[in-house]
Amino acid sequence: MLFSRYMFSQALAALLLILMALSAVLWIALALKSLNVVTGQGQTTWTLIRMTFLALPNLLTVIAPVALLIATVQTLNRANGDSELIVMTASGATIWTIARPFFALATIVALAVAIGTMLVNPWSSLALQRQVAEVRTDLISQVMKPGEFSSPEEGLTFHIRGRGRDETIAGLMIRDTREPDVTMTYLAERARFQKEDGRPYLVMVNGHIIRKLSDKAAPQLIGFASYAFDIDRMAQKSDTVFIKPRARTMGELLNPDPNEPYFKRWPGRYRAELHERIVAVLYPFVFVVIVLSQLGHAQTTRQGRIAQISTAVVAAVLIRLAGLAMNKLVVKHAWATPLLYLVPLAALAWCLWLMHARMRPNTGGPEWVERLGATAKRLAGGLRAHRRGSRARSEATG
């Protein structure tokens, strides 16, 4: 029990240190990526900090199991270097005694990942989407200058005649040529910015919409008394304005609205997001047993230890990449959903068996590996004896 508490405290300290370091690196990367929000779009530093921190929880649920992997490797390797594993093995402790504190730490990380993916991430993703919408609204409002043509992005042009004291826009023209075969022109006597259900709109009053499908076709003229232009359409056409599955709650993923436009277009993304949140809880345990199967027993050869560390890290990376590949497959095919669970469960079962196999005394692995090694040693011994006999005969004849 004392050894378990000691190993748990060592692994926990390493996990927290690694997690803080990785989080700091990711936050700096996000801040640099979003720096144009302040420099190019006239936003405040607080907006930049808010956007980066809202994006961080999604990344933390991914890097937390990775931090656990690194912490487990570091703790076991240090314990072996300090002969702690050798002393515990000599005193009769099994691999399960050594594994107990790491399983407890994996349980904590798994609970944190579950809370993050199922509760925190949907909230932060939705808040980030709304924050981006606010930035776009501010950007459109800032680039609209009376008497000037402004273009917040390629293919989108604004022109206004003037502004009132209440920020009402007079004489608005919007020309949208981002679609290759469609040209949309919006004309309005007045317009104003407003929000509805957290989404920004530019409400136009008394105007016309001119829609031209091609160079040869005659343009279509549509009049309106009031028309709401969705500011989220300022995004690229490949980015839909709908709330994505990552920002949906578990209840919305379990019972999606069949009339939701995003669900109609990509129902597989709802399915993949739901099962990915559930299966993400397994990976902390998978990473721990991978490391324990390679480093959980005492090792006196430094060269062999390095090979085991490399094997554990490469195996963990390959298994996680296989899980991500299965997630992409689930988006397209519902029948692939069991494969999403099979990847971590198969890895978990294999590593647990390997840990059990290495518990036997004087063995370093499964029986077929031992037999293969013994055969190789016999062949090498016979070859050396043959060489000595040949050398003795040649000396006798000489």
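Modeller: The structure holds four salt bridges. Keep in mind that this is a predicted model.

Biologist: What makes R248 and E252 a salt bridge?

Modeller: Their side chains come to 3.8 Å, N to O. The cut-off is 4 Å between a side-chain nitrogen of Lys or Arg and a carboxyl oxygen of Asp or Glu, so the pair qualifies.

Biologist: Why is R248 called buried?

Modeller: R248 has a relative accessible area of 10%. Buried means under 20%, so the label holds.

Biologist: Is E252 buried, partly exposed or exposed?

Modeller: E252 is partly exposed, at a relative accessible area of 32%. That label covers values between the 20% limit for buried and the 50% limit for exposed.

Biologist: How do you know that E260 and R248 meet in a salt bridge?

Modeller: The N to O distance is 3.2 Å. The limit is 4 Å, so this pair also counts.

Biologist: Where do the two residues of that pair lie?

Modeller: E260 is in the loop between α6 and α7 (261–265), and R248 is in the loop between β6 and α6. The pair therefore ties together parts that are 12 residues apart in sequence.

Biologist: Why does E260 count as buried?

Modeller: E260 has a relative accessible area of 17%. The limit is under 20%, so E260 passes.

Biologist: Which residues make up the salt-bridge network?

Modeller: R248, E252 and E260 are linked in it.

Biologist: What makes R320 and E276 a salt bridge?

Modeller: Their closest N and O atoms are 3.1 Å apart. The pair links distant parts of the chain: R320 sits in helix α10 (residues 302–332) and E276 in helix α8 (residues 267–279), 44 residues apart. E276 is buried, with a relative accessible area of 13%.

Biologist: Now the surface. Which residues gather in the patch of positive charge?

Modeller: K244, R246, R265, R269 and K328 do. R246 lies in the loop between β6 (220–230) and α6 (250–254).

Biologist: Why is R246 called partly exposed?

Modeller: R246 has 45% relative accessibility. Exposed needs over 50% and buried needs under 20%, so a value in between is partly exposed.

Biologist: And the chain as a whole?

Modeller: The chain has 12 helices and six strands. Of its 398 residues, 39% count as buried. The chain exposes about 22,100 Å², with carbon and sulfur atoms supplying 63% of it.

How values were computed:
Residues numbered from 1 in each chain as written. Predicted model: local features only at pLDDT ≥ 70, side-chain atom pairs only at ≥ 80, totals over all residues. Heavy atoms only, no water. Patch = residues over 30% accessible without salt bridge, like charges linked within 9 Å, V, L, I, M, F, W, Y side chains within 5 Å. Areas by Shrake-Rupley, 256 points an atom, 1.4 Å probe, with all protein chains shown as cover. Lys, Arg positive; Asp, Glu negative; His and termini not counted. Charge placed at Lys NZ, Arg CZ, Asp CG, Glu CD. Helix = DSSP H or I, 4+ residues; strand = E, 2+ residues; numbered from the N terminus. Buried < 20%, exposed > 50% of the residue type's maximum accessible area, 1.4 Å probe, protein only.
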